[in-house]
Amino acid sequence: MLVTAVEPRRKALSALYIDGEFAMKLDTETLLINHIKTGVEISDEQLHQLVTDSNNKRAKEKALWLISYRDHSKKELIDKIKRTSSEESAVAAVERLTELGLVNDEAYARRYYKELTQGSKHLSPRGARYKLMEKGIDRELIDAIVDETDIDEREQIRIIINSKYKNLNSDEKTKKRAVSALQRKGFRFEDIRSVMEEYEEENDGY
């Protein structure tokens, strides 16, 4: 196969033309390193390797770019990288960053759990558990984090009510909205009802 043109494109890519026809876009640096230019003959095996090298490079660069903004779990990173690279390249890139200590699911899970339960979201441990599962965190690790962290769920409910539902007893609609919101955060109905009853007593049923 004859390379008939290599044309620069956006995002550090170049359009590769083979035998007079557009073939694909590949990482420009990968093409330069492999001395791919107009007039060069390449085999199917060489082209396949170019595609693999290009995907791997782009996957690693995207992974580094993503973690430069915030922490990610391994699953979260892989899912995002797969949008522009192959799954194989995405997995390889994330595994490499894990080896380098730049991606750490345990450290991520501990920080995220604390943020979910003790930060502005005030989720229950159960609600936070679901969020961690969505991020692909191992269930045994989640169990360990939940077990070793003491969260007063009723106090969490009270904080949310005082913050967002100060007029809780003014009408039934507000109370129902509060109950629904608290249940979505993973709190048990029994705890919600108990705290609401205390709130009513403290505010003279108002």
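Q: How much space lies in the largest pocket?
A: This model is predicted: local features need pLDDT of at least 70, side-chain atom pairs count only at pLDDT 80 or more, and totals for chains, interfaces and linings use all residues. Residues are numbered from 1 along each chain as its sequence is written, and side-chain values use heavy atoms, leaving out hydrogens and water. A pocket is an open set of points on a 1 Å grid over the protein atoms alone, where a 1.4 Å probe fits, with protein on both sides within 12 Å along at least five of seven lines. Counted as the space filled by probe spheres set on the points, joined across faces, edges and corners, the largest pocket holds about 230 Å³.

Q: Which helix gives the most to the lining of the largest pocket?
A: The lining (residues with an atom within 4 Å of a point) consists of K11, A12, L13, D27, R58, E61, K62 and T84. Three residues come from the helix that gives the most (a DSSP run of H or I, at least four residues), and this is α2, residues 44–69.

Q: Which residues are in contact with L132, leaving aside its neighbours within four places in sequence?
A: L132 is among the residues with the most contacts inside the largest nonpolar core, which has 14 residues. Such a core joins buried (under 20% relative accessible area, 1.4 Å probe, protein chains only) Ala, Val, Leu, Ile, Met, Phe, Trp, Tyr and Cys through side-chain atoms within 4.5 Å. With contact meaning heavy atoms within 4.5 Å, the partners of L132 are A109, Y112, Y113, I137 and I142.

Q: What does the C-alpha trace of the protein span along its principal axes?
A: The protein has ten helices and three strands (strands are E runs of at least two residues). The span of its C-alpha trace along these axes is about 85 × 35 × 20 Å.

Methods. Buried < 20%, exposed > 50% of the residue type's maximum accessible area, 1.4 Å probe, protein only.
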